[in-house]
Protein chains: 2
Amino acid sequence: MAEAVKALFFDVFGTLMDWRSSIARESQAILEPLGYKLDWFAFADAWRAEYQPSMEEVRAGRAPFSKLDVLHRRNLERIMPKFGIGPLPEATLEHLNLAWHRLDAWPDVPAGLRRLREKFLLAPCSNGNIALMVDLARRNDLWWDAILGADIAGDFKPKPRVYLAAVEAFNLTPGRCMMVAAHSSDLAAASALGVRTAHIARADEYGPGRGEAAPTVPVDYAASSLEDLAAKLGV
Amino acid sequence: MAEAVKALFFDVFGTLMDWRSSIARESQAILEPLGYKLDWFAFADAWRAEYQPSMEEVRAGRAPFSKLDVLHRRNLERIMPKFGIGPLPEATLEHLNLAWHRLDAWPDVPAGLRRLREKFLLAPCSNGNIALMVDLARRNDLWWDAILGADIAGDFKPKPRVYLAAVEAFNLTPGRCMMVAAHSSDLAAASALGVRTAHIARADEYGPGRGEAAPTVPVDYAASSLEDLAAKLGV
């Protein structure tokens, strides 16, 4: 490697967090006592399915930038009728929407980040907003040097501006940064800017066997977990 | 207090960091071996004296926003001739400019923040840039939930936008946030927006007896140190 990597940027939903099980669990905990019986994984999948289309409105310039909490809320209200849910009191809606702040990390994440921070600056570079990242870090005992990503760029990945804002925030060049993600599209976008890449296999992200077990693009590292990445990076 | 405070925002230069001793020490360590003999505290004071005027150009809209590292560099080059310094090699200039990344915290700071984080979200809300805040945190073993302040707002305190961007990043209202600073002007600006305030006495910030031993504006708390503030906030 020509330049030593100094900073690692992390995708969060899917790469660090098991959003599917967490959203299913949180939705059930809130809605089942209200009498709703549904396929909670299908509900989580439907909510997540609105994610990319809602960001695409912003990326394409058809809507102003909004923090992800706002998009999650709009997406929630869009899918509720499809599941026969609602109307719900505002406080319930708000609590349900903040289910995204109560995700659990994959088991390897806290220990993996603890190892990696000994050698690298660490920051999430996620489309999630700052408050959401902060709550996930507190809940899962994660430790970041800074919260980078969509909010400081005013746009969403995979727009180049988001990766470049992260690089610039740390006073680095793209070649001294590495994007860590479970999604090849994220890594391809980072790589096109000269950012190094590491793929984490999350083969069950969207349910058993429905995730990227391996990258579909060239990467600098392909790892099975953050602990495996730490070992590959010599930490 | 009507609403419980959930987040503390910290001024950094002077409030958490003894910039004067640190800049004097770092400047001496770099320049004395090159044959320069000068009053290192006077040099630190002169560099710092350019700080507010350089930000005022941005606040007044006469210059575009630049991260503080860039302003520090311009200010350094402005004062060097007054002290008979230079020309210096680019690498030396760069290392000298990054002296601001190598400041030491006042002795009460690391332990005080460790106590405060048990009850509050913590973030710097400084005019320093993200990379600078990150380096100070690593050097002094500080721990932040996020790095807020000038870089995420694209302007400098005491412009309202900087405080409000910090409030918004945490999904809070001004009344649930508290600005912690050793400078009454900073606290007055935050208070005008509904942000709660805590003053930390740094009576020697600009040299013995040259600092704010007490606030000159009404504040919610006046403390002698972060440990004292923690005690006053019941942590």
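Which domains does the domain assignment give for chain A? Domain 1 takes in 7-18 + 104-232, and domain 2 covers 20-101; these bounds come from an automatic or database domain assignment. The model is a predicted one, so local features need pLDDT of at least 70 and side-chain atom pairs count only at pLDDT 80 or more, while totals for chains, interfaces and linings use all residues. Residues are numbered from 1 along each chain as its sequence is written, with chains lettered from A and ligands numbered from 1 in the order in which they are written.

Taken over C-alpha atoms, the centres of domain 1 and domain 2 of chain A sit 23 Å apart. Where the two touch, domain 1 of chain A puts in 18 residues and domain 2 of chain A puts in 14, a contact being two residues whose C-beta atoms, placed from the backbone, lie within 7 Å. On the domain 1 side, the elements giving two or more residues are helix H7 (130-140) and helix H8 (150-153) of chain A. Helices here are DSSP runs of H or I with at least four residues, strands are runs of E with at least two, and both are numbered from the N terminus. H7(A) gives the most to that side, with 3 residues. By class, the domain 1 side comes out at 6 nonpolar, 5 polar and 7 charged residues. For this count, Ala, Val, Leu, Ile, Met, Phe, Trp, Tyr, Cys and Pro are nonpolar, Asp, Glu, Lys and Arg are charged, and the others, Gly among them, are polar.

As for the overall fold, chain A has 11 helices and 6 strands. Its radius of gyration is 18 Å, close to the 18 Å from the globule rule for 235 residues, so chain A is as compact as a globular protein of that length. That radius is taken over C-alpha atoms, and the rule is 2.2 Å times the number of residues to the power 0.38. The C-alpha trace of chain A spans about 60 × 35 × 30 Å along its principal axes. Among contacts in chain A with a separation of 6 or more, 63% link residues 24 or more positions apart.

The 6 strands make an open sheet with parallel pairing, in the order E3-E2-E1-E4-E5-E6 (chain A); strands pair if DSSP finds at least two bridges between them. Strand E3 (148-149) and strand E6 (221-223) of chain A are at the edges with a single partner strand each, so one side of each has no neighbour in the sheet. Further in, strand E1 (residues 7-10) and strand E2 (residues 121-126) of chain A run parallel and are joined by 4 bridges. Phe9(A) stands opposite Ala123(A) in E2(A).

Chain B can be laid on chain A by a turn of 180° and a shift of 0.0 Å along the axis, with an RMSD of 0.0 Å. That is the relation of a two-fold axis. The superposition is by least squares on the C-alpha atoms of residues with pLDDT of at least 70 in both copies.

The contact between the chains takes 14 residues from chain B and 14 residues from chain A. H7(B) supplies the largest share of the chain B side, 4 residues. By class, that side has 10 nonpolar, 1 polar and 3 charged residues. The copies meet through the same surface, because 100% of the interface residues of chain B are also interface residues in chain A.
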